[in-house]
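Subject: Structure handover

Hello,

Here is the structure for you to look at. My notes on the ligand site and the core follow below it.

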Amino acid sequence: MRRFTALFLAAMSALTLSACANAELKTSTATETGALGNNTKQQETSFSNDTGNPTEEATEMDTIEIIINGQTFRAELYANTAAQQFKKLFPLHLNMADLHDNEKYFYFSDDFDTTDEEIKEIHAGDIFIYDKNCLVLFYESFKTEYSYTPLGRISDTSGLKKAFGTGAADVSFSIVDTVDADNRSQNFVNDISFNFETKTVILNSGYEMPIAGIGTYSLHGDTCVDSIVSALEQGVRLIDTAYMYGNEEEVGEAIRKSNVPREEIFVITKIYPGEQFQNPEKAIQDALDKLDIGYIDMMLLHHPGDNDVNVYKSMEKFVEQGKIRSLGLSNWYIEEIDDFIAQVNIKPALVQNEIHPYYQEQKVIPYMHDLGIVMQAWYPLGGRGHQSELLNDKTILEIAEKHGKSAAQVILRRDLQNGVVVIPGSSNPAHILENISLFDFELTDEEMEKIAKLDRNEKHDWY
Ligand code: NAD
């Protein structure tokens with residue numbers, strides 16, 4: 001419902017452009033207001049000159065995240081009625097028009113309960129409502145004689161003007177859940193059972209992740225961009241990439257190209273032992289730059305390797321800065337996990353390992369689950385070169401026939417019922433759709449048991 005409101009409002013932006021002239025008449029600009037300095041001294045205001053925040057509201061503020069043209073900023077939202085009404089619209093995605101190269105604005109169709117204040121001085125980063133329904137984000141500081149209802153302020157405005165750029169800007173707003181942030185402690189184990197209604201799981205980081213998505217290991221160039229755009233159009237919301245796949249730029253391009261709001265998409269990437277592990281901060285920044293989608297939902301260490309604990313600690317720093325949301329590991333097994341967890345501050349939220357009917361990880365999965373760590377399967381269909389054997393397995397085909405489903409769907413559904421997230425790779429739109437259409441049938445206990453018996457402990461790759 002909230003998403004519907006946001007989409008509706010975003011759609012309304014086109015209609016509200018005629019209101020630009022209105023805003024131009026009433027909103028002051030950096031250049032125009034230089035001469036207003038003397039007049040403004042006479043105006044009384046409830047704002048402190050130091051912070052620009054309403055003093056009576058300074059104690060109960062929400063932290064929110066604002067993504068401007070793909071770049072992430074944090075802001076404090078005040079406790080007043082209009083700010084709380086604004087918060088109720090989150091997650092919110094708007095196309096905001098520019099005014100006089102100092103502010104972006106958007107007219108809502110409904111009025112807020114506003115309480116106008118004579119601001120005197122606008123600071124870059126201020127978030128206001130002008131009149132009753134015009135949201136304004138400022139990226140220049142200047143004096144003004146106009147009145148606004150303050151909603152909040154962007155905390156660190158470095159890079160703000162550049163992020164806004166000229167012309168209209170793509171802006172998303174969401175809540176930063178401080179309760180979840182507080183819960184990110186070493187001993188915090190949450191309920192990581194899958195929700196088959198929402199098709200998601202809540203990770204131990206507090207973030208929600210889809211349980212069926214797409215892997216991009218062998219997707220490159222235009223094929224990668226087209227496959228991901230098509231996957232997003234078909235409803236895929238979880239994408240797995242890695243530095244090693246050499247396609248982070250293409251994945252980012254596809255996400256920016258698609259019509260799906262950034263905050264609805266969950267992107268996993270990984271950094272690789274060797275050169276990247278020797279200079280982790282650069283490796284992480286490179287991933288952010290290549291993807292260019294504001295923040296990374298989850299970053300994994302691709303394999304154990306020299307310096308891996310320090311590399312993970314570098315990733316933790318990026319989590320603190322809001323540039324990465326969740327952390328995890330790949331190709332980690334029971335022997336290594338406890339020792340690793342003991343050395344880091346943020347518990348891994350996910351372990352991505354080879355898992356398919358011929359290599360089932362029957363001990364590793366419950367072990368990680370007991371630690372509150374979600375498991376994810378790479379090579380869920382056996383991996384390239386092996387999938388035809390798996391997809392033609394007699395037992396799987398029999399079960400598939402009973403349910404009127406494909407062998408691939410049975411294998412993937414079995415993973416989901418086993419608490420394992422799936423990221424099968426494909427560039428074929430029909431297969432991509434098939435691979436997320438896993439929620440209108442259920443395998444019986446007996447069928448689950450039959451598939452469990454297919455385990456051969458047969459790894460299809462070396463790691
Ligand atoms: P996979 O097991 O997903 O199999 C992919 C093969 O199956 C492709 O040839 C594809 O065309 C085919 N296929 C896909 N859907 C199908 C369907 N519905 N019907 C018939 N055939 C279908 O192997 P993968 O893509 O190599 O692995 C999945 C993802 O796991 C990778 O893309 C990558 O993101 C990740 N991965 C991670 C690691 C790691 O070390 N962390 C290693 C390998 C792969």
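A polar contact here is a pair of N or O atoms within 3.5 Å. The model is predicted.

The side chain of Gln352 has a polar atom 2.7 Å from a nitrogen atom of the ligand. Ser330 places a side-chain N or O atom 2.8 Å from a ligand nitrogen atom. With Thr216 it is the backbone that takes part: one of its N or O atoms is 3.2 Å from an oxygen atom of the ligand. The ligand alone would expose 830 Å², and 92% of that area is buried by the protein.

As for the site itself, the ligand takes up the space of the second largest pocket.

Nonpolar cores. The largest nonpolar core is made up of 92 residues, and Met209 and Leu301 have the most contacts inside it. Leaving aside residues up to four places away in sequence, Met209 touches Lys199, Thr200, Val201, Leu203, Leu238, Phe266, Ile268, Leu350, Val374 and Val421. Apart from this there is a second, separate core of 30 residues, with Ala83, Phe86, Phe112 and Tyr139 among them.

Regards

Technical notes. Residues numbered from 1 in each chain as written. Predicted model: local features only at pLDDT ≥ 70, side-chain atom pairs only at ≥ 80, totals over all residues. Heavy atoms only, no water. Core = buried A, V, L, I, M, F, W, Y, C linked by side-chain atoms within 4.5 Å. Buried < 20%, exposed > 50% of the residue type's maximum accessible area, 1.4 Å probe, protein only. Contact = heavy atoms within 4.5 Å. Polar contact = N/O pair within 3.5 Å; in protein donor to acceptor, adjacent residues only side chain to side chain. Areas by Shrake-Rupley, 256 points an atom, 1.4 Å probe, with all protein chains shown as cover. 1 Å grid on protein atoms, 1.4 Å probe; cavity = no way out; pocket = protein on both sides within 12 Å on 5 of 7 lines; lining within 4 Å. Sits in = over half its atoms within 2 Å of the grid points.
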